[in-house]
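Biologist: I would like a close look at a single part of this model. Please keep it brisk, and walk me through the contacts.

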Amino acid sequence: VRIDVALLPALLDRVAGSVCVVVDALRATSTIVTLLARGAEEVAVAATVEEARALRAGPMRDRLLCGEVGGLPPEGFDYGNSPAEFSGLDLRGRRVLLATSNGTRALIRAAEAPVVFAGSLLNAGATARAATAAARRQGLDIVFLCAGTELGRAFSLEDAGVCGALVEAVVRDGLGLGGREEARLTDGAAAAYRVWRSYPGARLLFGEASHGQALARLGLAADLDFCARRDLYDVVPRLVPAAEGAPALRPD
Ligand code: MLT
């Protein structure tokens with residue numbers, strides 16, 4: 001099994017033959033994991049705030065509208081994009097519509113892959129198991145996609161590091177791949193793994209990342225603490241095709 005990390009959305013390759021795990025550790029994929037773990041039925045994803053507003057005015061009228069621009073809730077939205085905040089809510093039965101700057105775009109970009117999951121540290125172990133199982137079952141490779149920053153055009157340290165943690169979980173912990181011999185790491189995957197291994201913990205990684213620092217300046221450091229919690233949840237969000245105008249994530 002070839003294990004790749006696309007360090008930027010533009011580097012996503014061989015998507016048709018791969019399980020694609022999208023990672024926006026701060027904060028979109030951590031948010032999606034948390035929303036589903038708190039009982040939300042599904043999280044539809046829009047590429048832009050304008051598109052999300054139009055969907056909510058039309059076919060997605062009943063949805064909780066969540067997302068961010070510049071880290072903060074856009075006008076008229078019910079909530080922002082704070083996993084720490086969502087972790088305290090009871091969302092049983094709710095359906096959500098989410099639009100963020102990089103994470104929801106990356107998920108939409110990955111939609112051509114036969115299997116797409118949303119990964120984060122919050123669900124790292126479960127994601128590694130689900131990706132490995134799907135790859136074996138369907139004879140696919142695995143690519144971890146960093147959502148990046150600046151509308152997906154710039155590298156983000158936190159996504160690379162968390163992808164490295166997921167590579168480690170898939171390879172080192174075995175999980176049915178039988179160790180490194182059967183897992184061929186690309187240079188992107190090896191680089192992400194090295195980034196991860198160079199930090200004593202995720203909180204330090206997030207604190208050193210420019211997006212983590214920007215969130216802290218907005219008073220959102222609680223999200224850095226929260227997103228650094230490894231294996232808090234077992235839920236693995238999986239992308240399903242658009243039914244009401246936007247693709248959505250549901251528990252696998
Ligand atoms: C994104 O999609 O760029 C992020 O999730 C931004 C954020 O921290 O809210």
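Biologist: How far does a polar side-chain atom of Thr100 lie from an oxygen atom of the ligand?

Modeller: Bear in mind that this is a predicted model. The distance is 2.6 Å, from a polar side-chain atom of Thr100 to a ligand oxygen. Gly103 uses its backbone instead: an N or O atom lies 2.8 Å from a ligand oxygen. On its own, the ligand exposes 270 Å². The protein buries 98% of that area.

Now the surroundings. Thr100, Ser101, Asn102 and Gly103 are among the residues around the ligand. Asp24, Leu26, Arg27 and Ala28 also belong to that set.

Next, helix H7, residues 187-197. Its buried residues are Gly188, Ala189, Ala192, Tyr193 and Trp196. Seen down the axis of H7, they fall within an arc of 135°, so they line one face of the helix. Asp187 and Arg194 are exposed on the other side of H7. The cover over the buried residues includes strand S1 (2-6) and helix H6 (157-171). Strand S8 (184-185) and helix H8 (202-208) are also part of that cover.

Last, strand S10, residues 248-251. S10 runs antiparallel to strand S3 (residues 42-46), joined by two bridges. Val43 stands opposite Leu249 of S10. Strand S9 (residues 237-240) is also antiparallel to S10, with four bridges joining them. Val240 has Ala248 as its bridge partner in S10.

Methods. Residues numbered from 1 in each chain as written. Predicted model: local features only at pLDDT ≥ 70, side-chain atom pairs only at ≥ 80, totals over all residues. Heavy atoms only, no water. Buried < 20%, exposed > 50% of the residue type's maximum accessible area, 1.4 Å probe, protein only. Arc of directions from axis to C-beta. Contact = heavy atoms within 4.5 Å. Near = heavy atom within 4 Å. Polar contact = N/O pair within 3.5 Å; in protein donor to acceptor, adjacent residues only side chain to side chain. Areas by Shrake-Rupley, 256 points an atom, 1.4 Å probe, with all protein chains shown as cover. Pairing = 2+ DSSP bridges.
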